[in-house]
Amino acid sequence: LAVKDPTAVERANLLNMAKLSIKGLIESALSFGRTLDSDYPPLQQFFVVMEHCLKHGLKVRKSFLSYNKTIWGPLELVEKLYPEAEEIAASVRDLPGLKTPLGRARAWLRLALMQKKMADYLRCLIIQRDLLSEFYEYHALMMEEEGAVIVGLLVGLNVIDANLCVKGEDLDSQVGVIDFSVYLKSDDDIGGKERNVQIAAILDQKNYVEELNRQLNSTVSSLHARVDSLEKSNTKLIEELAIAKNNIIKLQEENHQLRSENTLILMKTQHHLEVSKVDVEAELQTYKHSRQGLDEMYSEARRQLREEAQLRQDMENELVVQVSMKHEIELAMKLLEKDIHEKQDTLIGLRQQLDEVKAINVEMYQKLQVSEDAMKEKNEIISRLEDKTNQINATMKQLEQRLQQAEKAQMEAEAEDEKLKQEYVNKSESLQNEFSQKEKQLLQLETDLKIEKEWRQTLEDDLQKEKETVAHLRTETQEIVTLKKEFLKLQEKNKQLKSTCEDQESALQELASKLSESKLKIEDIKEANKALQGQVWLKDKEATHCKLCEKEFSLSKRKHHCRNCGEIFCNACSDNELPLPSSPKPVRVCDSCHAILIQRCSSNVP
């Protein structure tokens with residue numbers, strides 16, 4: 001059985017209790033007279049149920065002294081989301097008798113019910129789930145669909161008129177316990193169903209009228225806002241018209257002034273023209289006299305221009321030659337810079353090669369020292385082992401063989417060391433030639449010598465560690481003897497497993513040969529079936545004798561019908577059997593077309 005989620009069960013129970021409390025409150029209010037006081041029991045139970053619904057899934061908040069878990073935090077958010085709720089929040093904060101946040105939340109719920117806007121306020125909260133997640137867990141009632149259902153149910157409370165006195169009540173110390181006896185059915189409730197139906201119809205009409213009033217109020221407020229905006233725009237336009245008229249008057253005055261100035265300028269220009277005409281005539285006469293002298297001056301100037309033009313061409317040619325020389329000099333400078341950069345790069349590369357060669361020399365020297373120390377230690381170990389072999393039993397003969405192999409490995413290592421020494425000598429000769437050319441870099445070698453001293457100290461530490469490894473190797477030799485015995489046992493097991501594998505492979509080969517034969521027979525049968533398609537079965541009444549032996553069918557000689565060729569044989573004649581991989585028993589096959597035969601009842605047997 002699937003285990004139910006306990007939080008889902010809690011949400012369902014709270015939703016059912018909210019439905020019952022809201023339904024009971026509306027029905028009792030209609031029978032009581034719609035206007036309710038704070039002492040009315042169904043109304044008190046409704047507030048208790050709402051507290052439980054709002055408390056479901058609340059996160060525990062740490063305060064300075066203790067842990068808080070109140071519903072006043074999410075209800076305070078309503079004034080930020082819904083501006084009309086600011087009055088309720090301010091009045092709740094100003095109440096003198098309230099000391100705890102839970103008392104403020106209870107007062108807030110009562111004021112919202114009196115305003116008939118509890119559903120609107122809570123709907124704004126449910127929509128903003130990002131803000132609610134700070135106060136509620138993800139599985140809380142207000143975060144799930146049940147919260148939206150409860151908000152929809154709260155719309156029905158707009159029918160009720162409540163006159164509640166919040167100022168004198170002790171809301172901080174009230175105990176919120178649900179009284180389930182209120183919601184149990186009685187005989188009077190069953191008798192008053194007709195009356196409740198009528199009251200429900202009246203309530204529906206009232207709700208409809210109230211919703212129409214709300215819509216009309218919203219439209220009226222929007223129209224008022226539009227009228228205000230239009231009035232503001234009209235006032236702005238009137239002011240702009242007045243400013244435009246003033247500008248037009250100023251422009252007209254400026255136009256008159258400009259026209260009067262224009263007439264004065266025309267009079268002055270005419271007078272100046274008459275005076276200038278007299279002057280021009282006098283200048284023409286003087287110009288005619290001076291023109292002859294100007295022609296002579298012009299010819300001389302023309303000659304000078306030609307000479308200057310030739311000089312300019314010569315200077316331009318010289319400039320072109322100098323520019324070309326300048327370009328060539330710049331190219332040569334660039335090539336020289338490239339050569340300098342390349343030489344600098346080669347110098348840097350040679351320095352890096354020198355550093356690498358130094359590092360290789362240090363490594364080779366270290367390897368030589370390590371190999372020599374290892375050889376000395378191995379010789380000491382071998383001498384000790386030879387002393388102990390006289391005291392050990394015949395079981396240590398195997399260890400002597402391994403020691404001989406180790407000696408061979410040592411010889412090979414010595415040969416490799418000699419080769420390395422020869423390579424080192426050859427490299428050192430080549431490096432000495434390079435060092436003679438680069439004596440200026442000896443200062444770097446001095447720093448490398450300091451590093452080598454540090455390496456020597458580290459190598460001494462490594463030598464001590466290797467001595468410890470020798471002690472471990474002695475213990476490992478004893479473990480190798482036990483491992484050999486286990487290895488022999490595993491070899492015997494391996495031989496047994498190989499023999500079983502060979503037997504299984506032979507069996508699989510036999511099965512594969514049989515399967516291949518059966519597949520070939522099946523392919524032959526399929527080809528025969530394709531050739532004999534379209535033939536019709538013989539009827540049972542017509543087939544009374546076997547086709548091969550021509551004997552009559554009976555209980556002992558049963559009919560076997562071919563699927564393809566339609567021929568009928570008895571069980572004595574159809575002895576051809578074929579093994580199939582899909583069926584445990586062999587199948588009978590037709591002699592003519594090799595198709596599978598179907599057994600049928602003979603005509604003599606019912």
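Leaving aside neighbours within four places in sequence, which residues is Glu-51 in contact with?

## Glu-51 and its contacts

Glu-51 is in contact with Ile-71, Leu-102 and Arg-106, leaving aside neighbours within four places in sequence. Contact here means heavy atoms within 4.5 Å. Glu-51 is found in helix α2. Helices (H or I, at least four residues) and strands (E, at least two) are DSSP runs, numbered from the N terminus. With 6% relative accessibility, Glu-51 counts as buried. Buried means under 20% relative accessible area, exposed over 50%, and partly exposed in between (1.4 Å probe, protein chains only).

## About the model

This is a predicted model: local features need pLDDT of at least 70, side-chain atom pairs count only at pLDDT 80 or more, and totals for chains, interfaces and linings use all residues. Residues are numbered from 1 along each chain as its sequence is written, and side-chain values use heavy atoms, with hydrogens and water left out.

## Nonpolar cores

The largest nonpolar core holds 63 residues; Phe-46, Trp-108, Leu-122 and Leu-154 touch the most other members. At least two residues of this core come from each of α1 (6-32), α2 (41-55), α3 (72-76), α5 (86-94), α6 (101-115), α7 (118-127) and α9 (145-154). A nonpolar core is a set of buried Ala, Val, Leu, Ile, Met, Phe, Trp, Tyr and Cys residues joined through side-chain atoms within 4.5 Å. In soluble globular proteins, nonpolar side chains tend to be buried together.

Leu-154 touches Ile-22, Phe-46, Met-50, Met-118, Ala-119 and Leu-122, not counting residues up to four places away in sequence. There is also a second, separate core of five residues, including Ala-543, Cys-546, Phe-553 and Ile-568.

## Aromatic pairs

The whole structure has three aromatic pairs. Rings of Phe, Tyr and Trp (its six-membered ring) pair if their centres lie within 6.5 Å; planes under 30 degrees apart count as stacked, over 60 as edge-to-face and the rest as tilted. Phe-46 and Phe-47 form a tilted pair, 5.6 Å centre to centre, with 55 degrees between the planes. Phe-46 is buried at 0% relative accessibility, and Phe-47 is buried at 3%.

Tyr-82 and Tyr-121 pair edge-to-face: 5.3 Å centre to centre, 70 degrees between the planes. Tyr-82 lies in the loop between α4 (78-81) and α5 and Tyr-121 in helix α7, so the pair ties together parts 39 residues apart in sequence. Tyr-82, Trp-108 and Tyr-121 form one aromatic cluster.

Phe-47 also has a charge over its ring. Arg-110 lies over the face of Phe-47, at 4.2 Å from the ring centre. The rule asks for NZ of Lys or CZ of Arg within 6 Å of the ring centre and within 35 degrees of the ring normal.

## Salt bridges

The count comes to seven salt bridges. Each is a side-chain nitrogen of Lys or Arg within 4 Å of a carboxyl oxygen of Asp or Glu. Arg-93 and Glu-76 meet at 3.4 Å, N to O. Arg-93 lies in helix α5 and Glu-76 in helix α3, so this pair ties together parts 17 residues apart in sequence. Glu-76, Glu-79 and Arg-93 are linked in a network of salt bridges.

Glu-84 and Lys-117 form a salt bridge at 2.5 Å, N to O. Both are partly exposed: Glu-84 at 43% relative accessibility and Lys-117 at 25%. Lys-116 bridges to Asp-161, with the closest N and O atoms 2.6 Å apart. That pair links distant parts of the chain: Lys-116 in the loop between α6 and α7, Asp-161 in strand β4, 45 residues apart.
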